[in-house]
Amino acid sequence: MTVPDTTADLHPLTAQDSLVALMIAISASDAQIRTSELVRIQSVLNHLPVFGDYEQARLTQVSSLVFELFEDEDGLDALFGLVREGLPERLFETAYALACDVAAADGNLNEEELRMLEEMRYELSIDRLHAAAIERGARARHMTL
């Protein structure tokens, strides 16, 4: 399998790029990127300390990479490989939490998003109990009246 040309500017992914890639991946997992998900990603980039020095112009490059990888049969495996290379293990739970927040942003989790979250748990070795706590926190943050 070959990695798309987009990776020339991004490989290896920085830790910040890796976090962004997973947020984009969960948003695109159902083939519909909703405005609420994009707003959530932008809010994360604007407010979380881990993105304090992130060049937001890279968002377009990382998004292109994720979309290209999603078109490839082995693209999801390649994406997780790039993420594991670029993301320190201590940020794996952070990555999962951000993905959960993006998935919950529209108030609805569909089957594709649930499968992607399951794959993320597996690929990032997130303990099931920790994952449940992270998921419950995302659900609580996105409740409506």
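1. A residue counts as buried when its relative accessible area is under 20%. In this predicted model, Arg121 has a relative accessible area of 16% and is therefore buried. Arg121 belongs to helix H6.

2. The surroundings of Arg121 may be described next. Apart from neighbours within four places in sequence, Arg121 is in contact with Tyr96, Ile126, Arg128, Ala131 and Glu135. Phe92 stands 29 residues away from Arg121 along the chain, and the C-alpha atoms of the two are separated by 9.1 Å.

3. Helix H6, which spans residues 111-123, packs with helix H4, residues 75-86. The angle of this packing is about 45°, and the axes are 11 Å apart. The two helices, H4 and H6, are therefore oblique to each other, and their crossing is right-handed.

4. The contact between these helices involves Leu76, Asp77, Phe80 and Arg84 on the H4 side. On the H6 side, the residues are Met116, Glu119, Met120 and Glu123. By class, the residues of the contact of H4 with H6 comprise four nonpolar and four charged, with no polar ones.

5. A further point concerns aromatic rings. The count comes to one aromatic pair, formed by Phe51 and Tyr54. The arrangement of Phe51 and Tyr54 is edge-to-face, with 5.7 Å centre to centre and 70° between the planes. Both Phe51 and Tyr54 are buried.

Key. Residues are numbered from 1 along each chain as its sequence is written. This is a predicted model: local features need pLDDT of at least 70, side-chain atom pairs count only at pLDDT 80 or more; totals for chains, interfaces and linings use all residues. Side-chain values use heavy atoms; hydrogens and water are left out. Axes are lines fitted to C-alpha atoms, for helices over the stretch in contact, and angles run from 0 to 180 degrees between N-to-C directions. Helices (H or I, at least four residues) and strands (E, at least two) are DSSP runs, numbered from the N terminus. Angles under 35 degrees count as roughly parallel, over 145 as roughly antiparallel, 65 to 115 as roughly perpendicular and the rest as oblique. A crossing is left-handed if the near helix is turned anticlockwise from the far one by less than a right angle, and right-handed if clockwise. Contact means heavy atoms within 4.5 Å. Ala, Val, Leu, Ile, Met, Phe, Trp, Tyr, Cys and Pro count as nonpolar, Asp, Glu, Lys and Arg as charged, and the others, Gly among them, as polar. Rings of Phe, Tyr and Trp (its six-membered ring) pair if their centres lie within 6.5 Å; planes under 30 degrees apart count as stacked, over 60 as edge-to-face and the rest as tilted. Buried means under 20% relative accessible area, exposed over 50%, partly exposed in between (1.4 Å probe, protein chains only).
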